[in-house]
Amino acid sequence: MAPPTGTTGTQLGRRQWAYSFALVTSLFFTWGFAYGLLDVLNAHFQTVFGISKLQSTLLQLAYFGAYFVWAPFAGVFMRRVGYKKGIHIGLSLYSIGAIFFWPSAKYEKYGGFVGSTFVIGCGLSTLEVAANSYISVLGTPQYAAARLNFSQGFQGVASFAGPLIASRWFFTGANATSLGTVQWVYLAVAGLGIVLNILFFFCNLPEITEDALAEEIDEVGITDGQGPFWQQYRCIFGFVAQTAYVGAQVTIASFAVNFLVDQGIGIDQSKASELFSLCQVTFTVGRFVGVVILNFIDPALLLAFYGFCCSLFCLLVSQLPGYNAVACLFCLFFFESICYPCIFTLGTKNLGVHTKRGSGLIVMGVGGGAWYPPAQGALADATSTRHSYLVPLSGYIAMTIYAAGLVIDQAKKNGFSFRNRDELTAYLRRAADDFTPTESLPGDAKGRSSSEKRVSSDELVGVA
């Protein structure tokens, strides 16, 4: 099947850009809500099924293992048929998995929950490949990290809504030891997926193709995406960094409720779930703050700083007692905020014809969330939940090394800069300076100037 014909994000008018941006951004709410509920179900199932902390991490293993298994296929599929059909497949799998939570709760089968979670993970990994990649290329690379942080901010809104719902209905009264409310919540989740699928069916979503993206960067002299895919080292090491970071982020959240209860300062499970919801609020606020900062500060440099702060506060959480550790946990959630979008946009930057395959590889890194929770669960069972927070520290350190390496690489190629630079415009100006007064720029390059003005709609994110 031939890939669909299309355009680049820089060639869209303001109204078409805003419509596409808003529609795809709505998808981020779907997996944010599912992810927020997952962490609370981890603790709830320990009570209902009488399983250990290590056994409860099977949910994380299924959810994030689906990313590791399915994301590469999603990238190849979208390369052939386009973003819109990929979104339909993702939403369908998401709804099917949520529907099967009903019989799993009805017959109280933990294995059923694990299997349903795997199907949901396959659907969400497909949506992440589509939505993250689409938002990243929907405009100039300069503001790709800011755009993706803005869109993923709505994922954060849904992430704290999940624990908030759970604290009200999962952990109170008779629901504290039953699964009655779980089936109704996930039936509503399935309904949300079906409604979004219908909306996307009737919408006109502009298709952004890899060939058009490759032509856009080639015409200004950027050669980063040339050569075979295995030579795209920024993307390959981005996969490693994303695997390490997501593993750390997921395991931090997975044991947050247990951590808060075990501090011995009078926090029960219901209160801990509310505090965890506030941690997610902190995360979301940090993401919107990051949107503003990323309009001015280089994404790789900011990621390196945030990675260092994550490493520091994770170490403090594992060592400090009581309220001091709780405060450090909130700080850790704040500095996690921009990391995933920045790794994604930096890893898929200027990939040209490899854009969708690279997006699939970076999203495959979300599978790191399957490996870290069992390791932390084993250490928590052997020692304490607080000391088990040494496990995610390794993930933050790996991410920081990746970001620092990008800063050094950029400094060698283009000189060090604190500010966020527009590489496409810089290369275009450099090419113009190389021409003599009697020469003229190619027609495509001239067209680039006018499209730059149209793409300034991209700066709407900065205004927001």
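Helix 3 (residues 58–81) and helix 4 (residues 83–99) pack against each other at an angle of about 140°, and their axes lie 7 Å apart. Axes here are lines fitted to C-alpha atoms, for helices over the stretch in contact, and angles run from 0 to 180 degrees between N-to-C directions. Helix 3 contributes Trp 70, Phe 77, Met 78 and Val 81 to the contact. Helix 4 contributes Tyr 83, Lys 85, Gly 86, Ile 89 and Leu 93. A contact means heavy atoms within 4.5 Å. By class, seven residues of this contact are nonpolar, one is polar and one is charged. In this scheme Ala, Val, Leu, Ile, Met, Phe, Trp, Tyr, Cys and Pro count as nonpolar, Asp, Glu, Lys and Arg as charged, and the others, Gly among them, as polar.

The model is predicted: local features need pLDDT of at least 70, side-chain atom pairs count only at pLDDT 80 or more, and totals for chains, interfaces and linings use all residues. Residues are numbered from 1 along each chain as its sequence is written, and side-chain values use heavy atoms, with hydrogens and water left out.

The chain holds 21 helices and zero strands. Both are DSSP runs numbered from the N terminus (helices H or I, at least four residues; strands E, at least two). Of the 464 residues, 59% are buried. Buried means under 20% relative accessible area, exposed over 50%, and partly exposed in between (1.4 Å probe, protein chains only). The accessible surface of the chain is about 17,600 Å². Carbon and sulfur atoms account for 67% of that surface. Among contacts with a separation of 6 or more, 84% join residues 24 or more positions apart.

The average pLDDT, the predictor's confidence in each residue from 0 to 100, is 77 for the chain. At least 70 is reached by 76% of the residues. Among the elements, helix 13 (residues 299–319) has the highest mean pLDDT, 94. Helix 21 (residues 460–463) has the lowest, 43. Residues 1–5 stay under 50, and the model gives them twelve contacts beyond four places in sequence. Residues 212–221 are also below 50, with 25 contacts beyond near neighbours in sequence. Where pLDDT is low, the predicted coordinates should not be read in detail.

Helix 8 (residues 180–202) has 23 residues. At 1.5 Å a residue, it should span 33 Å, and its end C-alpha atoms are 35 Å apart, which agrees. The expected span is 1.5 Å times one less than the number of residues. Buried residues of helix 8 include Val 182, Val 185, Tyr 186, Val 189 and Phe 200. Lys 106 is in helix 5 and is exposed, with a relative accessible area of 56%.

The phi of Glu 108 is near 55°, a positive value in a residue other than glycine. Glu 108 counts as partly exposed, at 49% relative accessibility.

Gly 290 lies in helix 12 (residues 269–294) and is buried, with a relative accessible area of 0%. The C-alpha atoms of Gly 290 and Gly 153 are separated by 9.6 Å, across 137 residues of chain. Gln 232 sits in the loop between helix 9 (210–218) and helix 10 (233–254). Gln 232 counts as buried at 4% relative accessibility. Ser 254 belongs to helix 10 and is buried at 1% relative accessibility. Ser 254 and Gln 376 are 122 residues apart along the chain, and their C-alpha atoms are separated by 9.5 Å.

Key
Accessible areas come from the Shrake-Rupley method with a 1.4 Å probe; for residues, only the protein chains shown count as cover.
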